[in-house]
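Welcome, and please open the structure in your viewer. We will go from stop to stop, selecting a few residues each time and looking at what is there.

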Amino acid sequence: MKLATLKDGSRDGVLVVVDRKLHVCRRVPAISPTLQFALDHWATVAPQLQAVYDALNADPADGDTFIESNCHSPLPRAYQWADGSAYLNHVELVRKARHAEVPASLYTDPLMYQGGSDAFVGPWDPIYALDAAWGIDFEAEVAVITGDVPMGADGATGAAAIRLLMLVNDVSLRNLIPNELAKGFGFFQSKAASAFAPVAVTPDEVAAAWRDSKLCLPLHVSLNTIPFGKPNAGDDMTFNFARLVAHAARTRELAAGTIIGSGTVSNRQGNLHGSSIGHGGVGYCCLAELRMLETIEKGGATTPFLNFGDNVRIEMFDEDGASIFGAIDQDVVRYDAAGVEDGRPIGARL
């Protein structure tokens, strides 16, 4: 089934069931007011939501028009957002750009950081920043939402705990990262608010594309309407989601509603010119990778990071060309606290 959260002026929005084609939706207040409530009571609520989903697909006329731009991220805020780095090609390139070595343990033990989850932004909301000199970059990823996971869970338990799949733009402020990591205490200011695609889907919705706890479909990214990347999210993923969930749960329990990200999707390919979409490659899911390859081949990066007015779009399609999750479609906008202040909580405004 497919689920989304519509903005309604509250922090947590209102849960809707969306039809398979993303044309119509239906509110379900008598079943579950929010997605977090559904996750907390999944065993009871999921079958009821599935019945609504089946009915909506059978008779779309019984739903309201679904408008992606009216959506918040499926979970507007979450108890936990932990982002992995499962595509080691990305790790190798970005670390090389920072003149940092890749530790040997990274090839056997997943890398993961804990991100801010108090206020995600909607999939069509701006990427806000105060200064373009921060090095604003998009990172197109796949993510999962889990149910409750016990401490010390193994991979099979981690796989069974996956409730929903999503796409995410995990925005990075690249020029803030080196100094922050040099302190030896991880990301904080260098990670802006993340945005998730409008619709979260159960794994059965992608059918055979969900294999070995990997989503084996291309992830499409465009920059200012020009195709920028389309790597397959199932290729070159060293650690699958079952492993990432188990890694997150090694020393703690995970509560229902925990979001685990894959890290930037990245496929191993040839040199700069052979890797870009324009030259027949699959391109990239972030600017940092392209800039690193430019540095290797040209002696320096020539592609700039994002500037105010730029647009990023992230989307995934099924084998028939239909959008699975809807699109993340964001403009980069200079943040003006006075301009967004309207008396409502931040999570309700965005």
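Which residue in β20 does L219 stand opposite? Select L219 and look across to β20: the residue facing it is M316. Keep in mind along the way that this is a predicted model.

**Stop 1: β20 and its partners**

Now select the whole of β20, residues 311–316. Five of its six residues are buried, so call the strand mostly covered. Strand β17, residues 219–223, pairs with β20 in the antiparallel sense, over five bridges. To find one of the contacts, pick N311, whose bridge partner in β21 is D331.

**Stop 2: β10**

Move on to strand β10, residues 140–146, where seven of seven residues are buried. Show the side chains here. In a regular strand, side chains alternate between the two faces of the sheet. In β10, A140, V142, V144 and T146 point one way, while E141, A143 and I145 point the other way. Residues from both groups are buried.

Then bring in the neighbours. Strand β11, residues 162–169, runs antiparallel to β10 and is joined to it by seven bridges; look for V142 opposite L167 in β11. Strand β19, residues 258–261, pairs with β10 over three bridges, again in the antiparallel sense. Here V144 stands opposite I260.

**Stop 3: aromatic rings**

Colour the aromatic side chains next. The model holds eight aromatic pairs. Select Y128 and Y335: their ring centres are 5.4 Å apart and their planes meet at 80 degrees, over the 60 degrees needed, so the pair is edge-to-face. Zoom out to see where the two rings come from. Y128 belongs to strand β8 (residues 127–129) and Y335 to the loop between β21 and α9, so the pair ties together parts 207 residues apart in sequence.

Are these two tyrosines buried, exposed or partly exposed? Y128 counts as partly exposed, at 26% relative accessibility, and Y335 is partly exposed too, at 31%.

For a group of rings, select W81, F120 and F196, which form one aromatic cluster.

**Stop 4: charges over rings**

K191 lies over the face of F187, 5.1 Å from the ring centre. Then go to R291: its charged end sits over the ring of F305, at 4.0 Å from the centre.

Terms used: Residues numbered from 1 in each chain as written. Predicted model: local features only at pLDDT ≥ 70, side-chain atom pairs only at ≥ 80, totals over all residues. Heavy atoms only, no water. Buried < 20%, exposed > 50% of the residue type's maximum accessible area, 1.4 Å probe, protein only. Helix = DSSP H or I, 4+ residues; strand = E, 2+ residues; numbered from the N terminus. Pairing = 2+ DSSP bridges. Phe/Tyr/Trp six-rings, centres within 6.5 Å; stacked < 30°, edge-to-face > 60°. Lys NZ or Arg CZ within 6 Å of the ring centre and 35° of its normal.
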